[in-house]
Amino acid sequence: MLTLSWGERTHVGRVRQHNEDAMLASPPLFAVADGMGGHAGGEIASTLTVETLAALAAHENLTRTDVLDAVRAADATIAREATDETTGMGTTLCGLAVTSSSGADRLIVFNVGDSRAYRLRMGSLVQLTQDHSVVQELIDRGEISTDEAERHPDRNVITRSLGAGHLLDIDWWTLEPAVGDRYLLASDGLTKELEAPLIARILIDAATPDEGARLLVDEALASGGRDNITVVIVEVTSIDDTAAVLIGSDPVDADTTPNATRPDATAATDPLDVIDIDADTNPRHGAEHVSPTHRAPGAST
């Protein structure tokens with residue numbers, strides 16, 4: 001059984017008039033949703049999503065199927081609730097859930113869109129999720145650089161969202177927990193303002209997840225706060241499992257292939273984005289600096 005501590009913060013930012021982000025911090029489930037489609041639509045879509053997921057919080061022995069089915073239910077609810085005033089509303093989603101498998105607790109990370117999940121372990125920050133965006137696909141194919149992505153005309157386009165009205169494709173990973181791990185879920189209002197090494201330093205220095213959440217939001221506001229900012233930090237404080245991975249042993253990394261189960265520490269692949277804050281090399285940022293203003297493919301902001 002896992003024992004967790006957590007902290008969360010959300011802020012409208014310094015530019016936006018309304019907060020279209022929503023968050024959930026109710027173990028065994030944690031999530032961040034970044035709404036899109038204008039104030040009314042975006043706020044409704046993100047709120048419907050976390051409310052749907054929150055219904056799982058009272059359940060014991062969650063399975064991966066439970067979690068993914070709830071995400072699909074949220075997607076269907078958004079599409080069903082759309083009105084003439086909120087046509088085109090949708091939301092990104094990233095989350096972390098404690099699931100049970102063969103009598104042991106595991107963690108599932110899931111995402112749709114460009115809200116992100118990171119893990120801090122032994123001083124290194126790993127971006128676990130992959131942005132679902134046009135510029136990220138171009139970067140992955142080697143057609144543009146990360147610098148070019150910042151100026152690309154399609155930098156505001158995401159390729160997946162809840163509520164888009166088509167078959168939902170959810171990325172997920174099952175991970176081994178380790179005592180001392182800190183997981184960060186964040187809307188791009190955070191990641192567009194702060195470089196990964198600074199995020200890592202704040203996560204390392206914060207005495208508690210709650211302090212870390214406050215410091216990250218404060219730093220993003222100081223850096224401009226041009227979008228809504230939402231963060232949830234979850235720390236694994238203990239594991240009642242003789243087979244548990246402990247800090248100081250070989251780290252267990254997520255398979256970079258979505259929809260992957262990693263029940264053991266063997267044959268780990270390179271993570272998507274590893275930042276060792278003591279290293280001299282610059283981290284790879286992916287689509288970190290893409291504008292936070294979302295629109296569904298084919299729709300304009």
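Here is a short tour of this structure, one selection at a time.

**Stop 1: colour by confidence.** What you have open is a predicted model, so begin with pLDDT. The protein's mean pLDDT is 82, with 80% of its residues at 70 or more. Now pick out residues 242–254, where pLDDT stays under 50. The model still has 34 contacts beyond four places in sequence for that stretch. Leave both stretches aside and move on.

Stop 2: Select β2 (21–26) and β3 (29–36). These two strands pair in the antiparallel sense, over six bridges. For one example, click on Asp-21 and then on Asp-34 in β3, its bridge partner.

Stop 3: What kind of peptide bond joins Pro-27 and Pro-28? It is cis, with omega about 20°. Most peptide bonds are trans, so that one is worth a look.

**Stop 4: the core.** Show side chains for Leu-29, Leu-53, Val-71, Leu-93, Phe-110, Leu-162 and Ile-170. They belong to the largest nonpolar core, which has 27 residues, and they touch the most other members. Several elements give two or more residues to this core, among them α1 (38–54), β5 (93–101) and β6 (104–112). Which element gives the largest share? That is α2, with six residues. As background, nonpolar side chains in soluble globular proteins tend to be buried together.

Now centre the view on Val-71. Setting aside neighbours within four places in sequence, Val-71 is in contact with Leu-53, Leu-93, Phe-110, Leu-162, Leu-168 and Ile-170.

**Stop 5: two positive phi angles.** Most residues other than glycine have a negative phi. For an exception, go to the loop between α1 and α2 and find Asn-61. Its phi is positive, about 55°, though Asn-61 is not a glycine. Is Asn-61 buried or exposed? Its relative accessibility is 56%, so Asn-61 counts as exposed.

Finish at Met-122, in the loop between β7 (116–121) and β8 (124–127). Met-122 also has a positive phi, near 55°, and is a residue other than glycine. With a relative accessible area of 47%, Met-122 is partly exposed.

Technical notes. Residues are numbered from 1 along each chain as its sequence is written. Side-chain values use heavy atoms; hydrogens and water are left out. A nonpolar core is a set of buried Ala, Val, Leu, Ile, Met, Phe, Trp, Tyr and Cys residues joined through side-chain atoms within 4.5 Å. Buried means under 20% relative accessible area, exposed over 50%, partly exposed in between (1.4 Å probe, protein chains only). Helices (H or I, at least four residues) and strands (E, at least two) are DSSP runs, numbered from the N terminus. Contact means heavy atoms within 4.5 Å. Two strands pair if DSSP finds at least two bridges between them. pLDDT is the predictor's confidence in each residue, from 0 to 100.
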